[in-house]
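Please look over the sequence and the structure shown here before reading on.

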Amino acid sequence: MKRTISLLLCLAMLCGVLTVGASAYEADAAWQRYYAQYTEDGSAVYMAPGADESERNFSWYAPADAGSCRVTVSDRDDLSGARTFTGSNLKTPEGDVRCKVTVTALQPDKTYYYKCATDTWESDTYTFSTLSGSDFTAMYTTDIHVSFDEEDADCLMNQSYTFSRVLEDAAARGALDLVISAGDQASRGFRSEYTALVASPVLRSTPFALCPGNHDRKGIAYKYFTNQPNEYKKALVHSLISYDYYYVKGDVLFFVFDSNVGSMTAHRNFVKQALRAHPDTKWRVATFHHDLYGGRIPHREKENALLRTIWSPIFDEFRFDLVLLGHSHYYTISNAMFGNKTNQSLVGLDSVTDPAGTVVMVSGSINRPRIEEDGEEPPVGENVAYAYLSENPVYNLLDFSEDSIAIRSYEPGEEEPFHTFTIVKTSAQGGHPADGRDFYDPFVRFLSDVYGLVNEVWTTARFRLHWNDFVGK
Ligand SMILES: [Fe+2]
Ligand SMILES: [Fe+2]
């Protein structure tokens with residue numbers, strides 16, 4: 001009984017609270033002009049990864065009477081010979097719609113030009129490129145925390161500017177093929193925050209893979225804003241704003257979990273379905289929001305301990321190579337983890353070949369970087385191989401190839417990365433010690449399923465009761 005109460009209390013802490021507030025950079029005059037035009041247009045065009053490299057997913061806002069939603073795509077800049085794809089409309093709580101369109105049958109290694117349109121509106125012409133082969137570069141970021149703040153009318157503008165500067169810093173270092181976020185893109189889950197999130201022109205050309213954090217589900221806008229491929233809708237328990245989903249890029253299968261949902265059976269079944277569709281991709285990379293091994297906030301340690309118990313068997317059973325997390329706002333890279341403990345120390349190393357377990361990485365926040373006073377130093381050497389604290393935003397470039405994932409971590413404006421780390425794998429199995437087993441403690445699994453169900457019912461009821469608190473913001 002004591003263990004049950006303790007676990008339930010820990011699960012109840014999953015909805016942690018962080019304050020909104022200032023941004024790292026103040027918007028310059030050019031961004032102020034651009035942002036005024038961007039918000040006046042209001043469409044907030046967003047490009048997400050498709051199911052694989054032959055697809056891209058789009059979404060944007062349109063009036064309820066705007067007619068069909070369509071994306072026109074051509075490999076010529078005058079859009080001659082274009083193909084047009086139509087999609088669906090999802091009515092928003094504000095009364096307009098969010099268009100959702102998937103573009104398919106894209107050819108590898110091509111540059112495409114596109115426009116989003118309805119019967120009453122069309123976007124500018126934008127461009128994106130497709131890959132061939134397994135080499136590509138992804139930017140991994142987390143906890144962007146674009147924030148609506150009643151006390152600060154410029155907060156959204158300044159924080160979108162901050163994120164855009166970080167994106168441009170990353171793009172200036174070479175081709176950027178994907179942007180990955182590990183959640184808390186918004187602070188209150190409001191529509192205006194997601195509109196500001198994708199203001200950067202970099203995101204018109206680069207697919208942006210989102211992940212629901214605890215702050216994203218403080219509102220309902222995430223559900224309307226996103227257009228996620230391969231959503232797992234068979235689960236008995238899922239949150240109101242998202243589903244687990246997966247996509248393939250190069251030789252990597254990306255799993256994106258909604259870790260707000262505690263039901264491990266649902267998450268495990270999702271992984272099994274993704275692996276049935278893609279059993280042979282060499283690399284398995286997961287993203288979800290809640291930190292496991294790198295947190296520095298003492299009151300969150302019970303939550304982290306519980307989450308480790310829940311998630312580590314999934315890493316072990318399905319031999320995940322790299323897990324990208326957020327939530328704690330502290331940069332850490334773990335040792336090679338197996339059985340919820342260090343199986344191979346990576347302390348002091350800048351590369352590892354066939355690590356004997358899963359490497360778990362957490363990046364810092366873009367608009368809410370933490371500083372030394374916020375918590376204790378992560379215990380490097382226990383489960384953390386490397387930690388880095390900064391008052392500035394940090395981001396990471398991940399160079400994927402057939403044989404390796406090379407991580408370069410930067411502060412914007414700094415020429416050299418503050419940390420690099422490379423994972424080399426010589427076979428699909430790599431150095432993972434076991435495969436194909438169910439490592440769960442049946443008691444923890446049962447409890448997580450029951451809690452997941454109760455929590456989602458409670459959260460849904462809360463949204464219905466307080467609907468007007470977040471609609472129109
Ligand atoms: Fe956060
Ligand atoms: Fe969080």
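## A strand hairpin

Strand 12 and strand 13 pair in the antiparallel sense, with five bridges between them; two strands pair if DSSP finds at least two bridges between them. Strands here are DSSP runs (E, at least two residues) and helices are likewise DSSP runs (H or I, at least four residues), numbered from the N terminus. Tyrosine 246 has phenylalanine 255 of strand 13 as its bridge partner. Two residues lie between the strands of this hairpin, in which glycine 250 adopts a positive phi near 55 degrees.

Strand 12 is mostly covered, as five of its five residues are buried. A residue is buried if 20 or more other C-beta atoms lie within 10 Å of its own, exposed if 12 or fewer, and partly exposed in between, the C-beta atoms being placed from the backbone. Tyr245, Tyr247 and Lys249 are buried on one side of strand 12, and Tyr246 and Val248 on the other.

## Basis of the model

The model is predicted: local features need pLDDT of at least 70, side-chain atom pairs count only at pLDDT 80 or more, and totals for chains, interfaces and linings use all residues. Residues are numbered from 1 along each chain as its sequence is written, while chains are lettered from A and ligands numbered from 1 in the order in which they are written.

The protein chain has a mean pLDDT of 91, and 93% of its residues reach 70 or more; pLDDT is the predictor's confidence in each residue, from 0 to 100. Over residues 1-20, the pLDDT is below 50.

## Helix 7

The buried residues of helix 7 are Met264, Ala266, His267, Phe270, Val271 and Ala274. They lie on the same side of helix 7 because they cover an arc of only 160 degrees around the axis, the arc being that of the directions from the helix axis to the C-beta atoms. Lys272 and Arg276, on the other side of helix 7, are exposed.

The buried residues of helix 7 pack against strand 12 (245-249), strand 13 (252-256), helix 8 (301-317) and helix 9 (442-465).

## Two domains

The domain assignment gives domain 1 (54-129) and domain 2 (134-424), with bounds that come from an automatic or database domain assignment. The centres of domain 1 and domain 2, taken over C-alpha atoms, are separated by 27 Å.

In domain 1, 14 residues are in contact with ten residues of domain 2; two residues are in contact if their C-beta atoms, placed from the backbone, lie within 7 Å. Strand 2 supplies the largest share of the side of domain 1 that touches domain 2, namely four residues.
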